[in-house]
Amino acid sequence: CDERTYAMYRMPSFLAYVIVTMMLIHPSHGYAPASVLDSRLKAPAAFTSTAALPIDIRRVTEATEVLRGGHLFDIKPTQTLAEEFMKQSSNHHVFFAYDRATNYPVGFAIGIEVYSMDKPVEMMLSELGVDESHRRQGIGFSLVNTIKDLALERRCAGMWVPLEPCNEPAIRTYAKSGATTQSAHTFIMIMTWDFNEHNMQG
């Protein structure tokens, strides 16, 4: 299980599998939650305080900047694909974490607003990755919360992420951010954040 990227399904075959699986197990489709992996959720790893992190998190809107952070992806983006993706920036949100001293990209997160005809909009945490030299410093946690804060700002009903059950660092990071296990299977699990109570208060 690759720990480099927390939310994983970039390869076409795996992406197809995830899409089909999500249709079956996402809570919107009425699948009963699986009560598994609770032990992993009860003991989040220690993180450095985000206030003390020597990084800046900024939104990325240009394909050229995506290419500058190409080393963070499993497969380096191409100019064409990056430009096509960024055209959807109204509901595709890309954030990079930069080393404050060097302005070098050391992490990234992508959130995609998912619209439906019969349910409120939700934010899917599509991808999250941190450069190996900067892991276990709280950068992934800060990036997750950046997407979470954006989802709350845009009044999404919730947020969710598909991931591999063996990806323990991701599980701990999402749990620390407030996510719970909605469903889990051998090869994939879904973790969710519920914002309904927050939106009612707002």
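How many salt bridges does a search of the whole structure find?

Modeller: The search of the whole structure turns up six salt bridges, where a salt bridge is a side-chain nitrogen of Lys or Arg within 4 Å of a carboxyl oxygen of Asp or Glu. Bear in mind that this is a predicted model, where local features need pLDDT of at least 70, side-chain atom pairs count only at pLDDT 80 or more, and totals for chains, interfaces and linings use all residues. Residues are numbered from 1 along each chain as its sequence is written, and side-chain values use heavy atoms, with hydrogens and water left out.

Let's start with Glu168 and Arg172, whose side chains meet in a salt bridge at 3.9 Å, N to O. They sit four residues apart in helix 6 (residues 168-176), so about one helical turn separates them; helices here are DSSP runs of H or I, at least four residues, numbered from the N terminus. Arg172 counts as buried because its relative accessibility is 19%, while Glu168 is partly exposed at 30%. The cut-offs: buried is under 20% relative accessible area, exposed is over 50%, and partly exposed is in between (1.4 Å probe, protein chains only).

Next, Arg68 bridges to Glu65, with the closest N and O atoms 3.0 Å apart. Both lie in helix 3 (residues 63-68), three residues apart, about one turn of the helix. Arg68 is partly exposed, at 36%.

Then there's Glu84 with Lys87, their closest N and O atoms 3.1 Å apart. Lys87 is exposed at 58%, whereas Glu84 is partly exposed at 42%.

Technical notes. Helices (H or I, at least four residues) and strands (E, at least two) are DSSP runs, numbered from the N terminus.
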